[in-house]
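Here's a quick, friendly tour for anyone meeting this structure for the first time. Have a look around, then read on.

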Amino acid sequence: MQQGADVHQRIARIAAHLNPPTNHFRVDGSSSLWRVDCRAKGGSPGFKVAIFGAAGGIGQPLALLMKMNPLVSVLHLYDVVNTPGVTADISHMDTGAVVRGFLGQQQLEDALTGMDLVIIPAGVPRKPGMTRDDLFNINAGIVKTLCEGIAKCCPKAIVNLISNPVNSTVPIAAEVFKKAGTYDPRRLLGVTMLDVVRANTFVAEVLGLDPREVNVPVVGGHAGVTILPLLSQVKPPCSFTQEETEYLTSRIQNGGTEVVEAKAGAGSATLSMAYAAVKFADASLRGLRGDAGVIECAFVSSQVTELPFFASRVRLGRNGVEEIYPLGPLNEYERVGLEKAKKELAGSIDKGVAFIRK
Ligand SMILES: NC(=O)c1ccc[n+]([C@@H]2O[C@H](COP(=O)([O-])OP(=O)(O)OC[C@H]3O[C@@H](n4cnc5c(N)ncnc54)[C@H](O)[C@@H]3O)[C@@H](O)[C@H]2O)c1
Ligand SMILES: O=C(O)C[C@H](O)C(=O)O
């Protein structure tokens, strides 16, 4: 009898120790399967990362890949549906990051508190025949709510914003942060990495190279003609015929639509996007760690053109964007493309700003 009481006390002590200070759900969801892993996982060095939209098409593989990232010590998975299952599943991976799940608006603040990096792939994806701007009405409100939470709970976090239309959602996020008095333009980055990933792949195919050896700067924004690959600046240095230039530019600009059509109503790019998002998040974390020479393309607050936001090569550091590089010499084809890109971008940026200021 006494022995039984001791066992109960021990279980109660372990449970008290394991029960998190917040009200997020337990990954096991069962009273008989206590998590007894906290001694092994406590206090490993690394960054705290949250994924918002973690149960979605991008969110799930992104969560998987971030759980494998040795720079991550704590991984928060937030969504309005299905996070208990995704969290339980991912938490069984024998990698270092501790995974916690959060479900719904009432757990938003707990999910955000203490985060170094917040990655946002929350929102609806395109179906065939839609533009990214057609997602504005739904995704603008989602991004607004999440950014209000960030301003309140982790205003110093780096934000990697994936939700479309990126050309408008980044200005929305900036306006929310301005309103809250927490805006630091260095910490807000629209993720355009998938355009670079696609450009590297398609250019490597044409050149007959390994895509890992190719680096194509892609500037402007993340929709149609605003996606401007600078094929004159490809590394390693190379040249293209006019036909190759037109084929590559069009394929890179329409890469998203190519996937949307192939998926035939089942969504847009998720797997290649998760890969690109992790590549970009890893660069953000290496920058936070103080690594030198971390340079990627991103859609950021910028003075590279007369527009308030523009995607170009940026150097990432302890505060997010530490340096924004000028576009460099453009050829005539790229100069024409730049003018088209700026015209469309201006409207998308204004639309995002107006959504908050209205
Ligand atoms: N930047 C890019 O390069 C890029 C690439 C691909 C997709 N995207 C965009 O990413 C977004 C997500 O795409 P997906 O394929 O993962 O869509 P999805 O529908 O599969 O997943 C989206 C997830 O967001 C969740 N969600 C909805 N409202 C939310 C809220 N208020 N808070 C938290 N989570 C919420 C949903 O429950 C869902 O799990 C889309 O807007 C898509 O256009 C951007
Ligand atoms: O094309 C889309 O709607 C999704 C994403 O922006 C992409 O480029 O794949």
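**Ground rules**

Two residues count as being in contact if their C-beta atoms, placed from the backbone, lie within 7 Å. Helices (H or I, at least four residues) and strands (E, at least two) are DSSP runs, numbered from the N terminus.

What you're looking at is a predicted model, where local features need pLDDT of at least 70, side-chain atom pairs count only at pLDDT 80 or more, and totals for chains, interfaces and linings use all residues. Residues are numbered from 1 along each chain as its sequence is written, while chains are lettered from A and ligands numbered from 1 in the order in which they are written.

**How the chain is divided**

The protein chain splits into domain 1 (1–37), domain 2 (41–190) and domain 3 (193–357), with bounds that come from an automatic or database domain assignment. Between domain 2 and domain 3, the C-alpha centres are 21 Å apart. Their contact uses 44 residues from domain 2 and 41 residues from domain 3.

On the domain 2 side, elements giving at least two residues each include β1 (47–52), α3 (59–67) and α7 (166–180). The largest share, 11 residues, belongs to α7. By class, this side of domain 2 has 27 nonpolar, seven polar and 10 charged residues. Here Ala, Val, Leu, Ile, Met, Phe, Trp, Tyr, Cys and Pro count as nonpolar, Asp, Glu, Lys and Arg as charged, and the others, Gly among them, as polar.

**Around ligand 1**

Which residues come nearest to ligand 1? Out of 34 around it, they are Gly53, Gly56, Gly57, Ala122 and Asn164; a residue belongs here if its C-beta atom, placed from the backbone, lies within 6 Å of the ligand. Domain 2 and domain 3 each give at least three residues to this shell.

Helix α6 (136–153) and strand β2 (72–79) each supply at least two, and the largest share, four residues, is from α6. The shell is made up of 19 nonpolar, 13 polar and two charged residues.

**A look at helix α10**

In α10 (residues 255–263), Gly255, Gly256, Val259 and Val260 are buried. Seen down the axis, these residues fall within an arc of 140°, so they line one face of the helix; the arc is that of the directions from the helix axis to the C-beta atoms. Buried means 20 or more other C-beta atoms within 10 Å of a residue's own, exposed means 12 or fewer, and partly exposed is in between, with C-beta atoms placed from the backbone.

Covering the buried residues of α10 are, among others, α8 (193–207) and α9 (242–253). Facing away from the buried side are the exposed residues Glu258 and Ala262. Just after α10, Ala264 has a positive phi of about 50°.
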